[in-house]
Amino acid sequence: MLEIKNLHVKLQEEDKMILRGVDLTIGAGEVHAIMGPNGSGKSTLSYVLAGRDGYEVTEGSALLEGKELLAMEPEERAAAGLFLAFQYPVEIPGVGNMTFLRTAVNAQRKARGEEELSAGDFLKLVREKAKTLKIDAEMLKRPVNVGFSGGEKKRNEILQMAMLEPRMCILDETDSGLDVDAMKLVAEGVNALRSAGRSFLVITHYQRLLDHIRPDVVHIMAAGRIIKTGGPELALEVEANGYADILGEVG
Amino acid sequence: MALPKAKEDALAARLAGFPGLSGKGWLATARAEASARLTATGLPARRDEYWRYTDPASLNAPETPVAHRFDASDEAVPFDGLDRVKIVFVDGVFDPVASDDLVVAGVSIERLAEAGAKDIHWAQGMYGALEARGQSPVARPFAALNTAHATDGVLIHVTGKAAKPISLVYVHESEVSDAILHHCVKLDPGAELTLLENGPAAARFNKVIEIDIAEDARFHHIRLQGRDHERRAVTHIFARLGARSEMRSFTLTANGRLTRNEAVIELVGDEGRAHVAGAAVGDGEFHHDDTVFVTHAGKACESRQVFKKVLMNGATGVFQGKILVKPGAQKTDGYQISQSLLLDEDSQFLAKPELEIYADDVKCSHGSTSGAIDDTALFYLQSRGVPRRTAQGLLVLAFLAEAIDEIADEAIAEDIRARLERWLARHGSRR
């Protein structure tokens, strides 16, 4: 599904290397987690994959189902099946959540040469998906993320994911700022979307999210590289001993 | 005080082409008085404080600068679906064939020239009166010129609830037309009227509307200034509001080399409400100036000024807005916001918001901002698959929303949103 090879990235403005050779391969239907200390480059990786300005790829590649992501505009990456759930979902005053969702869904369908959803079909679909995430009609009417609580913002991200039906989902610290109940709700939303044709990359500081979204593979990232890869037990090890042991061991 | 020689000469040159003012009757008297006001002030010059941000040279020029007609047939005709009474002016001249019969229940409509021939008329004492009041504390020479030399116009007397909107349609034909129109609207107590205006009017257009809104009357005004790239316009709205009356005015401006829209609004009675709003979008050679002066004289009145501009490829926006709260105008609620969205570094926005308050129990706020598109929001939308242009369009419309929300009629607001959306799809910063 996703194949990242020797990815080197620097911050454009500061001429500072953030990623120093990331290699990562995620198979179809797999759930991978990336853990790592602050500043290890986890969020940068997600932004670079999604196509945010301000980063320069100096080396390497990232293929989504064989297609080079790094050459595409952000909207093309989305149409190709990539989705990034933001750590800090953006508030957009003046743009209704519903308008936003419909524009996004139809833009992607159009880009893929599919027919656009009618207003009626769209409404039916969004209501159905919103219900399972406990998103009420009022939230759909409000401007995008404006006045939403932390939990509402994250649920709104998952709603977008459910509507857009991406093949490769990246969750950037989706657990940050959530209480236990909110986290469970979000995790249930994600788990409902797990399927053989859809892969996930879950970026998190903490093991607790991984209790709810069980990963197949866990990677530890530090100083812009993936330094260790293992099964779910690796996350438990981090939880118990912190990153210091692993960092020391890899040296 | 005598005018400086340069101003005297400029005025003489500008007026050289006009027929002299003569004749008798109330209209001739009003014109002569306006002419005297104009002679006292002269035409504006860049050095005048009120014209610091907008160069009036092309409005003063004796010869009309050429403005080619613009083919706007790629868009539906504005207000086409509305049941309205159309009054058409071609290059500033009333066109009886293209116009509807000037008959609406609750309203009487007359051409200025016909009314002027009558000995006694309701517009006597109104024509030029609000314009004259509006000359202080700031001179508005183009308005005085208009009153003195208007070539046409309509006088609208609303006695009840107008059965239909009145729609003034301004057609631009000649590349060098220089049109001066003066309209008066008088609303009796409790009367209601929606006035629509659209079209570029002329190569150079000078228009004044005087609106006298009696107590409990309601006046709604929606104006679309046409899309001719090269036209120039200077317009004035002078309005006086009685107790508990309401005025809502919205203007959409897309394109136009030079536009100066002045609104001079006086809340005279208690508990009146005046909202004046504008959305302007400009690409390239576009200079748009909103100059607004709202006076609160009555108690517990509310006023709102909401002006938004989207500028790209070297376009310029200007806002000069003032709220004057007179002594005794307690419980005034005044609000003013002027904002611009600059889509590149070649464009500029110049703003001069002012408050002058002589009462102690008032609520007045004003704000002015100028900024670029929010990159984070743009990326967020793109990351969901929305193409960059569409995403920009969504954000620009969101920026304009507060002004468009001032339109009372939701169908018209929706139509204007759609027009803006299409305009934005056709235009973009070259940077």
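Which residue caps the N-terminal end of α7(A)? In this predicted model, the cap is A:Asp179. One of its side-chain oxygens lies 3.2 Å from the backbone nitrogen of A:Asp181.

## Helix α7 of chain A

Helix α7 of chain A covers residues 180-193. It has 14 residues, which at 1.5 Å a residue should span 20 Å.

Several residues of α7(A) are buried. They are A:Ala182, A:Met183, A:Leu185, A:Val186, A:Ala187, A:Gly189, A:Val190 and A:Leu193. What covers them includes two helices of chain A, α6 (150-164) and α8 (208-212). The cover also includes the strands β9 (168-172) and β10 (199-204) of chain A.

## A buried lysine in chain A

A:Lys129 sits in helix α4 (residues 119-132) of chain A. Is this lysine buried or exposed? A:Lys129 has a relative accessible area of 17%. Buried means under 20%, so A:Lys129 counts as buried.

Which residues does A:Lys129 touch, leaving aside neighbours within four places in sequence? The contacts are A:Leu159, A:Ala162, A:Met163 and A:Glu165.

## Two packed helices in chain B

Two packed helices are described by the angle between their axes and the distance between the axes. Helix α8 (residues 388-404) and helix α9 (residues 410-426) of chain B pack at about 145°, with axes 10 Å apart. The crossing of α8(B) past α9(B) is right-handed.

From α8(B), the contact uses B:Arg389, B:Gly393, B:Val396, B:Leu397, B:Leu400 and B:Ile404. They meet B:Ala413, B:Arg417, B:Leu420, B:Glu421, B:Leu424 and B:Ala425 in α9(B). Of the residues in this contact, eight are nonpolar, one is polar and three are charged.

Notes:
Residues are numbered from 1 along each chain as its sequence is written. Chains are lettered from A and ligands numbered from 1 in the order in which they are written. This is a predicted model: local features need pLDDT of at least 70, side-chain atom pairs count only at pLDDT 80 or more; totals for chains, interfaces and linings use all residues. Side-chain values use heavy atoms; hydrogens and water are left out. Helices (H or I, at least four residues) and strands (E, at least two) are DSSP runs, numbered from the N terminus. The expected span of a helix is 1.5 Å times one less than its number of residues. Buried means under 20% relative accessible area, exposed over 50%, partly exposed in between (1.4 Å probe, protein chains only). Contact means heavy atoms within 4.5 Å. A polar contact is a pair of N or O atoms within 3.5 Å; within protein, one must be able to donate a hydrogen and the other to accept it, and residues adjacent in sequence count only if both atoms are side-chain atoms. Axes are lines fitted to C-alpha atoms, for helices over the stretch in contact, and angles run from 0 to 180 degrees between N-to-C directions. A crossing is left-handed if the near helix is turned anticlockwise from the far one by less than a right angle, and right-handed if clockwise. Ala, Val, Leu, Ile, Met, Phe, Trp, Tyr, Cys and Pro count as nonpolar, Asp, Glu, Lys and Arg as charged, and the others, Gly among them, as polar.
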